[in-house]
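Keep the sequence and the 3D view open, try each task, and then follow the solution step by step.

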Amino acid sequence: MMLAAKIITAFVALMHIYILWMEMFAWTTKGRKVFKNFPQDLFEPTKQMAANQGLYNGFLAAGLIWSLIIDDPVWSGNVALFFLGCVFVAGLYGAISVTKKIFYIQSVPASIGIILWSIIKFSL
C-alpha cells in the first residue's frame, strides 16, 4: 500500500512539474496546443500570469516530492495528504471555473493518493 501511495504521489508531482514547465517556459508554444479553447491572441499578453501560475504548481510539486523523502512514515503521510489536498482543491476550482477536464487531470489522481495515504495513516 505504501508503494502505491508513493507512486501516485510521484505521478501527481511529475504532472505538476510538467505544468510548471509549460506555464513558465512554454506558455506561448506548447500552451497554445494544450489550451486550444483559450484565445490565441491572449497567450503573449498573459505570459507573466501563466508563469506565476506555473510557480504555484512548482510549489505543489516540491511539497509532494518533499513528502516522498521524509523518513518518518507518519510525517511523510501528513505532508503528502496536505499537498494532495491542495491539488484536489485546485482541481475542483479549475473544474468549476475553467473546464471539467481539470477535475479528471488533477483532482482524481490526487483523490486516489488521498485515499491511499489515509488508509496507511489510519492503519499505523
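**Exercise 1. The largest pocket**

Task: Find which helices each supply at least two residues of the lining of the largest pocket, then look up the pocket's volume and the residues closest to its centre.

Solution: Please keep in mind throughout that this is a predicted model.

Step 1. Helix H1 (2–25), helix H3 (47–69), helix H4 (73–97) and helix H5 (101–123) each give at least two residues to the lining of the largest pocket.

Step 2. This pocket has a volume of about 1,000 Å³. Its lining is made of 28 residues, and the closest to the centre are Glu23, Phe35, Gln53, Val98 and Ile102.

Step 3. Take Val98 from that list and locate it: Val98 sits in the loop between H4 and H5.

**Exercise 2. The whole chain**

Task: Describe the chain by its secondary structure, its box, its burial and its charges.

Solution: Step 1. Count the elements: there are five helices and zero strands. Going along the sequence, you read the pattern α-α-α-α-α.

Step 1. Of the 124 residues in the chain, 37% are buried. The accessible surface is about 7,400 Å², and carbon and sulfur atoms hold 72% of this surface.

Step 2. Now look at the contacts with a separation of 6 or more: 59% of them link residues 24 or more positions apart.

Step 3. Finally, the charges: there are 9 positive and 5 negative side chains, and the centres of these two sets are 10 Å apart.

**Exercise 3. The cavity**

Task: Work out how many cavities of 30 Å³ or more a search of the whole structure finds, and which residues line the largest cavity.

Solution: Step 1. Start with the idea behind the search: rolling a probe the size of a water molecule over the atoms shows where empty space is left.

Step 1. The search of the whole structure gives one cavity of 30 Å³ or more. The largest cavity holds about 40 Å³ of space.

Step 2. Its lining consists of Pro73, Val74, Gly77, Asn78, Trp117, Ile120, Lys121 and Leu124. H4 and H5 are the elements that give two or more residues to this lining. H4 has the largest share, with four residues.

Step 3. With 61% relative accessibility, Leu124 counts as exposed.

Step 4. Leaving aside neighbours within four places in sequence, Leu124 is in contact with Pro73 and Val74. Leu124 and Pro73 are 51 residues apart in sequence, and their C-alpha atoms are 8.9 Å apart in space.

**Exercise 4. Two buried residues**

Task: Explain why Thr46 and Ala13 count as buried, and name the contacts of Thr46 and of Ala13 beyond four places in sequence.

Solution: Step 1. The cut-off for buried is under 20% relative accessible area. Thr46 has 13% relative accessibility, so Thr46 counts as buried. Ala13 is buried too, because its relative accessible area is 2%.

Step 1. Thr46 lies in the loop between helix H2 (30–34) and H3, and Ala13 belongs to helix H1.

Step 2. List the contacts, leaving aside neighbours within four places in sequence. Thr46 is in contact with Trp27 and Phe38, whereas Ala13 is in contact with Ala61, Leu64 and Ile65.

Step 3. To finish, compare sequence and space for Ala13 and Gly91: these residues are 78 residues apart along the chain, and their C-alpha atoms are separated by 14 Å.

Notes
Residues numbered from 1 in each chain as written. Predicted model: local features only at pLDDT ≥ 70, side-chain atom pairs only at ≥ 80, totals over all residues. Heavy atoms only, no water. Buried < 20%, exposed > 50% of the residue type's maximum accessible area, 1.4 Å probe, protein only. Contact = heavy atoms within 4.5 Å. Areas by Shrake-Rupley, 256 points an atom, 1.4 Å probe, with all protein chains shown as cover. Lys, Arg positive; Asp, Glu negative; His and termini not counted. Charge placed at Lys NZ, Arg CZ, Asp CG, Glu CD. 1 Å grid on protein atoms, 1.4 Å probe; cavity = no way out; pocket = protein on both sides within 12 Å on 5 of 7 lines; lining within 4 Å. Points joined across faces, edges and corners; volume = space filled by probe spheres on them.
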